[in-house]
Amino acid sequence: MSPSPRLNKLIQWLPQDDKPFVIAGPCSAESREQVLETGRQLVRLSQVKVFRAGIWKPRTRPDGFEGAGEEGLKWMKELKAETGLQLTTEVASPRHIELALKHGIDMFWIGARTVVNPFSVQELAEALKGVDVPVLVKNPLTPDIKLWMGALERIHKAGINRLAAIHRGFHYFKQSPYRNAPMWEIPIELRRLLPALPVITDISHITGRRDLLQVVAQKALDLETNGLMIESHFNPEKALTDADQQISPASLKAMLASLIVRERTGSIDFQHKLEELRTEIDKLDGELIQLLARRMEVVSEIGAYKKENNITILQLKRWKHIIEDRLAIGTNMGLDREFLLLLLELVHENSIKLQTQIFNQEKK
Ligand code: PEP
Ligand code: MN
């Protein structure tokens, strides 16, 4: 995919310092005491810039706690008046936007369940016209980068120039230690396509459990995330939603202190050496591509030859031999077996495709 020309009015609104921008607060606003007490503890952490709390909770089944609603917005407003913390909450309908604005919410996030539905995102975009607030767009539940970009574009088209993406992981059918598989390649691709767009990593919804938060936060920083969203509750075990993944403000403080923020660019010497290595990689990639092209040329010749002699495309015995032989050579040279196998399968798939094209061509 090529870079999106549509997000061309983005404003850099996150502070441009080395420290990650941290949004913290409970999964849900549950009571006046919980909001105020959690917020009072969080405001003491200098890295926490924004207080988050869900007011309307999208629950999987109908009998869970569905959020405090407008009452919760009043607690958040009181917290802001007392501490000066900026506020954010999830909005899923124009009514939510209206109520949140009325109670001084400073920025909105659009949840993963809403982002999957372009109708809902469009409705929110219409309601945001003329409203100058930052909007954070979570990734959709499914690993679909186009859907994520589409939602960002819809919101941007409505005149929102202070945007950020929130990476919160994806539903994944295979077993994984995470609640939502991070699939880091997707936010990396998003950054490539939209370099001006800040990305914030929601480590709480990725991990789903306290003990993995630190490792995932460090990984996010090492991949140059611009910020972290972390669920924090003054009494996590008693939380009404997402109790397993919330941490106390004290644990959050310790975790933030343990994170290593590495330099993004490094010294001139470092850049020099890196540039040399990158030039080497560029050269090698060029050679790899040339070799692949040459290989496919030979494949085409074989295809034509098989066709002439009325021989089938797939020669299982030969394919089996290729796999065994190349795996032996490659693993001997230190290449990962699984990686090699995937690569060989890809090459084989393309070879079959080419030969099929040749067979069909000649039928005409
Ligand atoms: C949340 O942040 O509390 C939430 C419901 O997130 P998501 O939309 O990522 O599931
Ligand atoms: Mn949550």
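What follows is a short exchange on a cavity and a ligand site.

Modeller: Keep in mind that this is a predicted model.

Biologist: How many cavities of 30 Å³ or more does the structure hold?

Modeller: One. The volume of the largest cavity is about 80 Å³.

Biologist: What makes the space a cavity and not a pocket?

Modeller: A 1.4 Å probe fits in a cavity but cannot get out, whereas a pocket is open.

Biologist: Which elements each supply at least two residues of the lining of the largest cavity?

Modeller: Helix H7 (185-193) and strand S7 (199-202). H7 gives the most, with three residues. The lining includes Pro 187, Ile 188 and Arg 191, along with Val 199 and Thr 201. By class, the lining has six nonpolar, three polar and two charged residues.

Biologist: What makes Arg 52 a polar contact of ligand 1?

Modeller: The cut-off for a pair of N or O atoms is 3.5 Å. A polar side-chain atom of Arg 52 lies 2.8 Å from a ligand 1 oxygen, so the pair counts.

Biologist: Why does Glu 231 count as well?

Modeller: An N or O atom of the Glu 231 side chain is 3.4 Å from an oxygen of ligand 1. That is within 3.5 Å, so this pair qualifies. Ala 112 uses a polar backbone atom, 2.8 Å from a ligand oxygen. The protein covers 96% of the 300 Å² of accessible area that ligand 1 has on its own.

Biologist: How do the residues of the shell around ligand 1 divide?

Modeller: Into seven charged, three nonpolar and two polar. Among the surrounding residues are Lys 57, Glu 90, Trp 109 and His 205.

Key: Residues numbered from 1 in each chain as written. Chains lettered and ligands numbered in written order. Predicted model: local features only at pLDDT ≥ 70, side-chain atom pairs only at ≥ 80, totals over all residues. Heavy atoms only, no water. 1 Å grid on protein atoms, 1.4 Å probe; cavity = no way out; pocket = protein on both sides within 12 Å on 5 of 7 lines; lining within 4 Å. Points joined across faces, edges and corners; volume = space filled by probe spheres on them. Helix = DSSP H or I, 4+ residues; strand = E, 2+ residues; numbered from the N terminus. Nonpolar A, V, L, I, M, F, W, Y, C, P; charged D, E, K, R; others polar. Near = heavy atom within 4 Å. Polar contact = N/O pair within 3.5 Å; in protein donor to acceptor, adjacent residues only side chain to side chain. Areas by Shrake-Rupley, 256 points an atom, 1.4 Å probe, with all protein chains shown as cover.
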